[in-house]
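This briefing covers strand pairing and aromatic contacts in the structure shown below. Please read the points alongside the sequence and the model.

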Amino acid sequence: MHPLTTAALQDGLARALSHTNASTDALSTDQFSADWDDRPDWAIGPFRKDEDLTFRPQGQWPDPTGIGWTSASIFNPSLIERDGVLHLFYRASPRKESLESRIGTAVHTPSHGWAEGQNPVVYPTLDNELLGVEDPKVYSAEGRYYLFYNGIWPLAGTSEAEAHPSPGWPLGDVGCDINLAVSDDLVHWEKRGRIVPHEVSHLWAKGAVIPTDGTGEAVKIGGEYLMFLSEGCDGRAVVGRSKDMEHWDFAEQPYLDISALGSLHEVACAVATGGNLVLDFFYGDHDGNFAAAQALYSLEDPFTQIALHRGGSLAWGGLIRYGDRWTFAQGWDAPAGQRELYLYRSEN
């Protein structure tokens with residue numbers, strides 16, 4: 001793995017500033033609605049934008065790396081509520097969906113609206129974060145908070161690329177690790193580093209999807225926490241198991257068949273509600289269009305798919321109950337050149 005240096009960060013920023021991708025630039029939350037006439041009772045949604053909860057950061061953050069980093073787009077956020085305060089964690093990038101992202105935070109109270117935190121809350125300090133930190137997923141468990149995020153790093157010329165080939169999931173020129181930071185107060189975070197061994201990930205592990213109870217609290221299923229790796233590893237579905245949210249064991253575990261709909265891109269989030277487990281996921285339909293859907297399981301058997309519904313939220317950071325309504329955030333639909341995050345809420 002290449003060492004994180006100022007020069008390497010500068011090179012990564014230059015690459016990020018030249019980024020463009022027509023398919024991701026066109027992403028819109030409006031594509032991913034659970035608003036279908038045949039929506040079953042177990043499905044979560046549909047969702048509508050709540051304009052009163054839009055978040056707009058002011059100014060640019062200080063840059064601890066000293067390379068002149070700034071953001072032009074904010075997206076892929078995660079929400080958690082504690083004691084009436086809504087905590088937001090989000091990805092900020094030099095360009096929409098570019099590398100060299102950082103993670104920021106803000107809080108919302110009904111009386112004062114949004115207030116920004118001390119940002120960036122997570123930025124590259126580890127070698128496997130050389131090309132950025134992305135897509136935070138925040139959870140609580142037994143009084144502590146756990147922030148899982150993607151660490152991005154260059155593969156070319158590394159011993160890791162030679163030692164861990166990925167024939168089942170051809171990689172590009174970057175690797176992706178799931179990293180963990182922990183906190184007792186949602187403000188001060190301590191990094192723990194990579195949680196998925198390269199022997200398991202084959203240098204690509206993305207998206208720590210842990211079932212929650214709708215408040216952001218992780219739910220134990222069968223006496224342990226489960227983590228669905230959103231894209232699997234080396235072309236295989238992989239699930240992690242943990243007793244404490246910090247130490248994880250991973251193994252291949254098939255759990256989702258969407259051949260009737262199309263091909264899977266990523267699992268976005270998982271919610272335990274009643275006796276059900278609902279997975280929300282991103283896929284490509286048979287015509288090649290982006291789409292979202294949900295899958296139903298029993299909490300007693302979380303890997304046996306019961307039903308599919310072709311509407312979803314694509315809530316990367318998870319779905320929470322806020323003010324008695326299902327809520328998630330996303331920033332894809334911000335006008336060009338503006339940094340905005342929108343909160344989407346269900347009817348009930």
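Is tryptophan 316 buried or exposed, and what is its relative accessibility? In this predicted model, tryptophan 316 has a relative accessibility of 10% and therefore counts as buried, the cut-off for that class being under 20%.

**Aromatic contacts**

- Tryptophan 316 pairs with phenylalanine 282, and because the ring centres are 5.9 Å apart with the planes at 90°, the pair is edge-to-face.
- This pair links distant parts of the chain, with phenylalanine 282 in strand E15 and tryptophan 316 in the loop between strands E17 and E18, 34 residues apart.
- Phenylalanine 282, at 8% relative accessibility, also counts as buried.
- The whole structure holds 16 aromatic pairs, including a tilted one between tryptophan 61 and tyrosine 90, with 6.1 Å from centre to centre and 55° between the planes.
- Both tryptophan 61 and tyrosine 90 are buried, and they belong to one aromatic cluster together with Phe55, Trp69 and Trp114.
- The face of tyrosine 342 has lysine 49 over it, at 4.0 Å from the ring centre.

**Strands and sheets**

- Four strands in the order E2-E3-E4-E5 make up an open sheet with antiparallel pairing, in which E2 and E5 are the edge strands, each with a single partner, so one side of each has no neighbour in the sheet.
- Strands E4 and E5 run antiparallel and are joined by 4 bridges, with threonine 109 standing opposite glycine 113 in E5.
- Strands E6 and E7 pair in the antiparallel sense over 7 bridges and form a hairpin with 2 residues between them, where glutamate 142 in the turn has a positive phi of about 55°.
- In strand E6, 9 of the 9 residues are buried, so E6 is largely enclosed by the rest of the structure.

Notes. Residues numbered from 1 in each chain as written. Predicted model: local features only at pLDDT ≥ 70, side-chain atom pairs only at ≥ 80, totals over all residues. Heavy atoms only, no water. Pairing = 2+ DSSP bridges. Buried < 20%, exposed > 50% of the residue type's maximum accessible area, 1.4 Å probe, protein only. Phe/Tyr/Trp six-rings, centres within 6.5 Å; stacked < 30°, edge-to-face > 60°. Lys NZ or Arg CZ within 6 Å of the ring centre and 35° of its normal.
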